[in-house]
Amino acid sequence: MNDFSQAINVLQARFGNQLSTNLTTREQHAHTMSWLPNEPADAVLTAHNKHDVADAVKICNEYKMPVIAFGVGSSVEGQLNAPHGGLCIDMSAMTEILQVNEADLTATVQAGVTREQLNHHLRMTGLFFPIDPGANATLGGMVATRASGTNAVRYGTMKDVVLSLEVVMPNGEIIHTGTRAKKSSAGYDLTRLIIGSEGTLGIVTEITVKLFGVPECTGSGICHFPSIDLACQAVMTTIQYGLPVARIELLDAVQIKACNAYSQLTLKEMPTLFVEFHGTENGVKEQAELFASIIAEYQGQDFAWDTAEDKRKQLWTARHNAYHASRALRPECGSLSTDACVPISRLAECVTETVKDIESTGMLAPIVGHVGDGNFHVLLLINMKEENEVRTAEGILHRLAERAIDMDGTCTGEHGIGQGKRKYMDKEHGNAIYFMKAIKNAIDPNNIMNPDKIWY
């Protein structure tokens, strides 16, 4: 471990009580929800504004001290670990909503604003921010991992809804990428270069996002299937028909069992689709009727939908609590969480093969998925003290990543790479990874921005 005591002294002089070297604080700001070993930074800075971030990064760059940005700690692939020590910059106090332009359907916020905070602020405007990764993540963190979630099938991912960014670069300089205009042909698209870079190119301090009108009517429904394959086939046909579903989520029988117990539901323990339709009252009804006709071809059962707000909230609260519900199946154990994404035409094949793989090992691993865009998640519940269980789980994760890439997909649809999936970058990207590294080296020659993430 490098000695950054001199840099910490300089940071302490500049920031005073905003800087902490307390071990508990440092560990809380490291891996959080990841299964990877905790690797804390040497110090944690609570930033109040962009100037705090810029000043801290300048000091760190001078002393070649690593910098890791922290939102609320909901990342799962070790993005927040500090393998070489350094400074963790906590952005969670930067919570100002700076501007809402209702006429332009845009909002500009500081990086520490969470999606729930933004939507609460917008509640009287008739607008909402649609990206919903499940956790109440900060928008800065969502930019860093190119987050998406349950609404992605209709509204896209962070790369689709971010218009511009304010970023502190590795030398401490503050830049702005993009504008509030909906499109531009002016130069390189630095906005989308930063989105998904996991803090390896700079630290996002402000974000301008697109907003959308709250739909006149929202209908939510549920249906069961005899098999995972038939459920996925129904999803594929729904997307190929061009039906504008807002959400379409797959929960396997194990996940339904977990949700029943945790959220006090009484759903049939079968592969199940949760769906949501947005539009006018007549439009939602038409979408639901067309969806009913589609799933009938794939033995969909007990399809029921409703526009009642209380029933909709109950359904989606259960879906959002799926992680905690799954953990409750083996509360004494740890978990390995992963995701993959494949072209929609390969979805049924990929999910079915993954289920067979899990069943052949005897592991307990609920599956959920934002399957409308080919993305699904596996949560392996394992006793971390049993080496055989850990190795078995790692084997399942490895085969899933390889399987998705072989199907022209990706080893991660929304979790990101961090430390956990670096081994798959060469297979997924080939020699393109050398150009990614060249960009990193040009922008961050001292390699201080979240080093040893994304690749080795």
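Tutor: Two strands count as a pair if DSSP finds at least two bridges between them. With that rule in hand we can read this model, which is a predicted one.

Student: In S4, which residue is the bridge partner of Ala43?

Tutor: Strands S2 and S4 are joined by four bridges and run parallel, and S2 covers residues 43-46, while S4 covers residues 87-90. Within this pairing, the partner of Ala43 in S4 is Leu87.

Student: In what order do the strands of the open sheet of four strands lie?

Tutor: S1 and S2 pair in the antiparallel sense over two bridges, with Leu19 partnered by Leu45 in S2. S2 and S4 run parallel, joined by four bridges, and four bridges likewise join S3 to S4, again in parallel. The pairing is therefore mixed, since two strands count as paired once DSSP finds at least two bridges between them, and the order is S1-S2-S4-S3.

Student: About what angle does the direction of helix H3 make with that of S4?

Tutor: Helix H3, residues 50-62, packs on this sheet and touches S2, S3 and S4. Angles here run from 0 to 180 degrees between N-to-C directions, and the direction of H3 makes with that of S4 an angle of about 175 degrees.

Student: Turning to the open sheet of seven strands, why is one side of each edge strand left without a neighbour, and which strands are these?

Tutor: The pairing in this sheet is antiparallel, and the order is S15-S12-S14-S13-S17-S18-S16. Each strand at an edge has a single partner strand, so one side of each is left without a neighbour in the sheet; these are the strands at 301-306 and 334-341, namely S15 and S16.

Student: How many bridges pair S13 with S14?

Tutor: S13 and S14 stand next to each other in the order of the sheet, and Leu250 has Leu273 of S14 as its bridge partner. S13, residues 245-251, pairs with S14 in the antiparallel sense, and the number of bridges is six.

Student: Which helix lies across S13, S17 and S18?

Tutor: Helix H11, residues 281-296, lies across S12, S13, S14 and S15, running at about 150 degrees to S14. The helix that lies across S13, S17 and S18 covers residues 347-361 and runs at about 5 degrees to S18; this is H14.

Student: Which element gives the most to the lining of the second largest pocket?

Tutor: About 840 Å³ of space lies in this pocket, and 26 residues line it, with Asn119, Arg247, Glu309, Arg312 and Lys313 nearest its centre. The lining divides into eight nonpolar, eight polar and ten charged residues. H4, S7, S14 and H12 each supply at least two residues, and the element that gives the most, with six residues, is H12.

Student: What radius of gyration does the protein have?

Tutor: The protein contains 17 helices and 18 strands, and its C-alpha atoms fill a box of roughly 65 × 60 × 45 Å along the principal axes. A compact globule of 456 residues would have a radius of gyration near 23 Å, and the value for the protein agrees with this, at 22 Å.

Key:
Residues are numbered from 1 along each chain as its sequence is written. This is a predicted model: local features need pLDDT of at least 70, side-chain atom pairs count only at pLDDT 80 or more; totals for chains, interfaces and linings use all residues. Side-chain values use heavy atoms; hydrogens and water are left out. Contact means heavy atoms within 4.5 Å. On a 1 Å grid over the protein atoms alone, a cavity is a set of points where a 1.4 Å probe fits but cannot get out, and a pocket is an open set with protein on both sides within 12 Å along at least five of seven lines; lining residues have an atom within 4 Å of a point. Grid points are joined across faces, edges and corners, and a volume is the space filled by probe spheres set on the points. Ala, Val, Leu, Ile, Met, Phe, Trp, Tyr, Cys and Pro count as nonpolar, Asp, Glu, Lys and Arg as charged, and the others, Gly among them, as polar. The radius of gyration is taken over C-alpha atoms; the globule rule is 2.2 Å times the number of residues to the power 0.38.
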